[in-house]
Amino acid sequence: MSARTRVVIAKPGLDGHDRGVKIVARALRDAGMEVIYTGLHQTPEQIVETAIQEDADAVGLSVLSGAHMTLFRKVIELLAERGADDVVVFGGGIIPDADLPELERLGVAKIFTPGATTQAIVEWARAHIVPAAA
């Protein structure tokens with residue numbers, strides 16, 4: 001029996017817009033992944049704690065507030081500090097193209113910008129997130 005991919009989906013910071021992240025969470029769930037949605041206004045510490053408690057294979061962050069550089073960096077740093085740097089970090093939101101190379105350098109596996117389809121997100125997740133052995 002193969003393990004199901006476990007993905008924590010989170011809305012870090014003060015951003016209160018969650019329609020898009022809920023659509024992504026549902027698409028991943030409908031594709032057979034186990035999705036844990038943390039809700040709004042999560043701190044990086046809360047997100048990483050959830051990822052570790054849930055034995056997540058990936059963390060998806062949705063950032064529309066403009067704080068993406070700080071929030072992605074902090075989540076990646078905290079995962080590394082907790083020995084969970086094998087957790088794939090990806091995300092989406094309103095993120096300028098100019099910031100994408102720096103996010104990649106930090107270790108963000110993929111950023112989905114406005115217009116990305118749920119099909120593209122699911123296909124990427126299937127190809128790049130490997131579930132831990134059961």
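Strand S1 (residues 6-10) and strand S2 (residues 34-37) of this predicted model run parallel and are joined by 4 bridges, strands being taken as paired if DSSP finds at least two bridges between them. Helices (H or I, at least four residues) and strands (E, at least two) are DSSP runs, numbered from the N terminus. Within this pairing, the bridge partner of Val8 in S2 is Ile36. S1 is also joined to S3 by 4 bridges, again in a parallel arrangement, and here Val8 stands opposite Val59. Together with helix H1 (residues 19-30), S1 and S2 make a right-handed β-α-β unit; a crossover counts as right-handed if, with the strands pointing away from the viewer, the path from the first strand over the helix to the second runs clockwise.

Because 5 of the 5 residues of S1 are buried, the strand is largely enclosed by the rest of the structure, where buried denotes under 20% relative accessible area, exposed over 50%, and partly exposed the range in between (1.4 Å probe, protein chains only). In a regular strand the side chains alternate between the two faces of the sheet. Accordingly, Arg6, Val8 and Ala10 point one way from S1, whereas Val7 and Ile9 point the other way, and all are buried.

Residues are numbered from 1 along each chain as its sequence is written, and side-chain values use heavy atoms, with hydrogens and water left out. As the model is predicted, local features need pLDDT of at least 70 and side-chain atom pairs count only at pLDDT 80 or more, while totals for chains, interfaces and linings use all residues.

Helix H3 (residues 68-81) has 14 residues, which at 1.5 Å a residue should span 20 Å, and its end C-alpha atoms are 20 Å apart, in agreement with that value; the expected span is 1.5 Å times one less than the number of residues. The buried residues of H3 are His68, Met69, Leu71, Phe72, Val75, Ile76, Leu78 and Leu79. These residues pack against helix H2 (44-53), strand S3 (58-63), strand S4 (88-93), helix H4 (100-106) and strand S5 (110-112), contact meaning heavy atoms within 4.5 Å. Just after H3, Gly83 takes a positive phi of about 75 degrees.

Ile95 is placed in the loop between S4 and H4 and, at 6% relative accessibility, counts as buried. When residues up to four places away in sequence are not counted, Ile95 touches Val63, His68, Phe72, Leu100, Leu103, Ile111 and Thr113.

The structure holds 2 aromatic pairs, rings of Phe, Tyr and Trp (its six-membered ring) being paired if their centres lie within 6.5 Å, with planes under 30 degrees apart counted as stacked, over 60 as edge-to-face and the rest as tilted. The rings of Phe90 and Trp124 have their centres 5.3 Å apart and their planes at 50 degrees, so this pair is tilted. Since Phe90 lies in strand S4 and Trp124 in helix H5 (residues 118-128), the pair ties together parts that are 34 residues apart in sequence. Phe112 and Trp124 form an edge-to-face pair, with 5.9 Å centre to centre and 80 degrees between the planes. Phe112 lies in strand S5, so its pair with Trp124 of H5 ties together parts that are 12 residues apart in sequence. Phe90, Phe112 and Trp124 form one aromatic cluster; Phe90 and Trp124 are both buried, as is Phe112.
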